[in-house]
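My notes follow the display.

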Amino acid sequence: MAGFNPNRKKKTYSFNRSQTSKGVATVVDSLYANTYSSAEYTVTSTIQGTNIREITKILMIHNGSGAGVTAANVIVISNLNTAGNTLVSWSAGTSGNIAQLQATTTNANTILRIKRDYMAI
């Protein structure tokens with residue numbers, strides 16, 4: 001297969017992150033732009049102490065000077081009316097040679113369980 005490089009590896013990591021403030025974009029993950037070209041995330045968000053949960057698939061890519069993100073397949077489940085709103089909105093940016101995934105939560109005390117896959121350049 002042309003262009004296939006078996007030495008390029010995908011790196012997978014998982015971690016939890018607690019967001020204590022709402023309405024503020026917070027960096028939840030960073031990757032070196034000179035090492036990785038893109039990242040794929042699966043995030044389960046939960047408001048602490050409730051059964052309100054959301055799962056989101058996120059794709060982030062950068063070109064070395066800017067980054068873009070898309071969130072797809074958002075599923076929310078709860079016994080409370082969330083008025084069709086999601087628990088987290090996602091954005092991306094760069095700082096030097098670092099691409100950053102940012103989360104803005106709509107509720108304080110939101111727990112993010114993040115699985116990420118980095119794709120090497």
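1. A salt bridge here is a side-chain nitrogen of Lys or Arg within 4 Å of a carboxyl oxygen of Asp or Glu. Lysine 57 makes one with glutamate 40, with 3.1 Å between the closest N and O atoms. Lysine 57 sits in strand E4 (residues 53–62) and glutamate 40 in strand E3, 17 residues apart. Strands (E, at least two residues) are DSSP runs, numbered from the N terminus.

2. This is a predicted model: local features need pLDDT of at least 70, side-chain atom pairs count only at pLDDT 80 or more, and totals for chains, interfaces and linings use all residues. Residues are numbered from 1 along each chain as its sequence is written, and side-chain values use heavy atoms, without hydrogens and water.

3. The whole structure holds two salt bridges. Arginine 116 also forms one, with aspartate 29; the closest N and O atoms are 2.1 Å apart. Arginine 116 is in E8 and aspartate 29 in E2 (residues 26–32), so the pair ties together parts 87 residues apart in sequence.

4. Accessibility next (buried is under 20% relative accessible area, exposed over 50%, partly exposed in between; 1.4 Å probe, protein chains only). Arginine 116 is buried at 14%. Aspartate 29 is buried at 5%. Lysine 57 is partly exposed at 30%. Glutamate 40 is partly exposed, at 30%.

5. Strands E6 (residues 88–95) and E7 (residues 98–105) pair antiparallel over eight bridges; pairing needs at least two DSSP bridges. Alanine 92 has leucine 101 in E7 as its bridge partner. Glycine 96, in the hairpin of E6 and E7, takes a positive phi near 65°.

Notes
Helix = DSSP H or I, 4+ residues; strand = E, 2+ residues; numbered from the N terminus.
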